[in-house]
Amino acid sequence: MRGADPLRRLERRISLRLDARRALRRLARSLPAIAQIVAGVVMAYAFARYVLDHELPIVAVTVTISALGFARDARPRRVLETVVGILVGIVVAALIVLAVGRGVWQLALILAVALIVARLVSASTGFAVAAAVQSMLVAVLPDPEGGVFERAVDGLVGGVVALLVTALIPRLDVLRTRGESRALFSLLVESLKGVAEALRRGDTAAAELALSRSRRTQPLIDEWATSLESARAVAAYSPWLRRGRARLAAEAELLGSADLVTRHVRSIARRVEILVRDGLERPGLAHLLDEAAVIVEALGRSVDDASERDRARVLGLAMSGELSPDTVPGAVRVPDQVVVVLLRSLVFDTLIVCGLTRAEARQSLPPL
């Protein structure tokens, strides 16, 4: 038992270091959002307090914070949706306060009506929550000097400021979508190499690992799609980010191709996981999977280097001539030939992504 104590202390130290690194990375990723929120709040407060002469513009401040938030999805449409939800809550609460005053049962009525209206207006749960929170501020806090609807004006100020800040002080982190693409293609290449190794050795464990890796690709696809959609929306809205629009459009095209490649890799991994259960070595098929991994790797690098797409096309054309099920060494049985047919689909779609027409890509493949 004594010998275990130093190991536990070492484990705790390592865990603390990892937690500290994660915390620092989280902070670094949040700095653009922090700068945006601080700037927005200062602008909203200053305008409401010193231009409109509102003594306590708490709603302008809270609306700005709620609309901007820390979510990486910083699309102007999402910001506008949050602002509208907040204004709905404020107006509903203000009307009910004018009609029946404040109290316990009025509080319940205001909250219920705000939530009902919000759910009728929008399917977004965030919209309903924003409306409910702001309605409670109106219901609980005493009326400002300008009347109950002064808070609606403050809410409008906060919303306008949030939209202006989104455009004029964009979060550069939403434009850094390449991390998701690199992670996805890296996982795809690892999966293909794992499948090749499983075929080369007739290794069931390697095939299961490759299949597991291929199944982890969908969250990366989803994260990349969300980040890219947000980045394109911000770039279309912000005058400072026009230069990034062409790059983001090209990346959207690559995302579509990556989705297709991912589906093919999953299908191949599933088929190979079943195929290698007989324990036979298949070096011929393994060689083809190695080539496919190199092609997918080049396609992934094209995010940073456009010439890599030309390289992927050349490699795909070279590989396509080898994809006749009858000529692949060792692929004499139908299950083996199914893997070759799946590879044909992968290469076909890759060639189209790399600039060939469907007719040209089909012509490059040997007849079945």
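Among contacts (heavy atoms within 4.5 Å) in the protein chain between residues at least 6 apart in sequence, 76% join residues at least 24 apart. The model is predicted, so local features need pLDDT of at least 70 and side-chain atom pairs count only at pLDDT 80 or more, while totals for chains, interfaces and linings use all residues. Residues are numbered from 1 along each chain as its sequence is written, and side-chain values use heavy atoms, with hydrogens and water left out.

Begin by selecting the whole protein chain. It contains 14 helices and zero strands; these are DSSP runs numbered from the N terminus (helices: H or I, at least four residues; strands: E, at least two). Of its 368 residues, 45% are buried, meaning under 20% relative accessible area with a 1.4 Å probe, protein chains only.

Next, select residues 104–121, which form helix α4, and residues 125–140, which form helix α5. Their axes come within 9 Å and cross at roughly 155 degrees; axes are lines fitted to C-alpha atoms over the stretch in contact, and angles run from 0 to 180 degrees between N-to-C directions. The two helices α4 and α5 are therefore roughly antiparallel, the term for angles over 145 degrees.

Now display the side chains between these helices. In α4, select L107, I110, L111, A114, L115, A118, R119 and V121. They meet residues of α5 including F127, A128, A131, A132, S135 and M136. By class, the contact of α4 with α5 has 14 nonpolar, two polar and one charged residues.

Conventions:
Parallel < 35°, antiparallel > 145°, perpendicular 65-115°, else oblique. Nonpolar A, V, L, I, M, F, W, Y, C, P; charged D, E, K, R; others polar. Buried < 20%, exposed > 50% of the residue type's maximum accessible area, 1.4 Å probe, protein only.
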